Amino acid sequence: WKYLDDRGMRHCYLQTTPFRDGAGFWGAPRAGDWPGWTSGDAGTRVTGFQAEVNGVKVPQVPVNGDFSLTILGAALPWDANPGYDNSRRQRMKLVYSTDSCVAEIPEHVRGIGCARSTRNVRALTKTGTYGTQSIVVQTLCSTVPTKT
């Protein structure tokens, strides 16, 4: 988007890409020599997931067996210019639907590893005062190294 706020005139223009490569400045109150202009995008929007087993779309991820999962959305990180392409840095963590994001991944999930760490959080105690609670989290996840 491009947004103009100048002398009472406010207008938002939709566009395909934000200013960059010297053509303006994303998120700045001024773009080049155009006072009052700001440029940016609506941000990443995940709209759903699509699971496939042996190339056939399935309504849900199977509990046992191999599958592939595609993330659907808008403004997902990808660029034809390899210098701007962040798609290989994206990660997704699979947990049981009854677990929170800090839980371990299920033992039958392969190809992903998570670092275990302890996080100290502020918590309300039974007496009504605040204290610190330590919780084990596994939120830094990545693909595991390939064996050669």
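Contacts between residues 24 or more positions apart make up 37% of the protein's contacts with a separation of 6 or more. The model discussed here is predicted.

Me: How many helices and how many strands are there in the protein?
Reply: From the N terminus on, the elements run β-β-β-β-β-β-β-β-β-β. The totals are zero helices and ten strands.

Me: What percentage of the 148 residues in the protein is buried?
Reply: A residue counts as buried if its relative accessible area is under 20%. For the protein, the share of buried residues is 15%.

Me: Which strand pairs with β9 through twelve bridges?
Reply: Strand β9 covers residues 112-124. Its partner covers residues 130-143, and the two strands run antiparallel. Within this pairing, Ser 117 stands opposite Val 137. The partner strand is β10.

Me: Which residue in the hairpin of β9 and β10 takes a positive phi near 90°?
Reply: The hairpin has five residues between its two strands. The residue with this positive phi is Gly 128.

Me: Which cysteine is joined to Cys 114 by a disulfide?
Reply: A disulfide is a covalent bond between the sulfur atoms of two cysteines. Two sulfur atoms must lie within 2.5 Å to count, and here the S to S distance is 2.0 Å. The pair links distant parts of the chain, with Cys 114 in strand β9 and its partner in strand β10, 27 residues apart. The partner is Cys 141.

Me: What is the handedness of the link of Cys 114 and Cys 141?
Reply: This link is the one disulfide counted. The angle about its S-S bond is 105°. The link is right-handed.

Me: Why is Cys 101 too far from the closest cysteine sulfur for a bond?
Reply: Cys 101 is exposed, with a relative accessible area of 54%. The cysteine sulfur closest to its own belongs to Cys 141. A disulfide requires sulfur atoms within 2.5 Å, so this pair is too far apart for a bond, at 7.3 Å.

Me: Which residue forms a salt bridge with Arg 116?
Reply: A salt bridge requires the nitrogen and oxygen to be within 4 Å, and the closest N and O atoms here are 3.1 Å apart. Arg 116 lies in strand β9, while its partner lies in the loop between β8 (68-74) and β9, twelve residues apart. This is the one salt bridge counted. The partner is Glu 104.

Me: Over the face of which residue does Arg 122 lie?
Reply: The count of aromatic pairs comes to zero. A ring does, however, have Arg 122 over its face, at 4.2 Å from the ring centre. That ring belongs to Tyr 130.

Conventions
Residues numbered from 1 in each chain as written. Predicted model: local features only at pLDDT ≥ 70, side-chain atom pairs only at ≥ 80, totals over all residues. Heavy atoms only, no water. Salt bridge = Lys/Arg side-chain N within 4 Å of Asp/Glu carboxyl O. Helix = DSSP H or I, 4+ residues; strand = E, 2+ residues; numbered from the N terminus. Pairing = 2+ DSSP bridges. Phe/Tyr/Trp six-rings, centres within 6.5 Å; stacked < 30°, edge-to-face > 60°. Lys NZ or Arg CZ within 6 Å of the ring centre and 35° of its normal. Buried < 20%, exposed > 50% of the residue type's maximum accessible area, 1.4 Å probe, protein only. Contact = heavy atoms within 4.5 Å.
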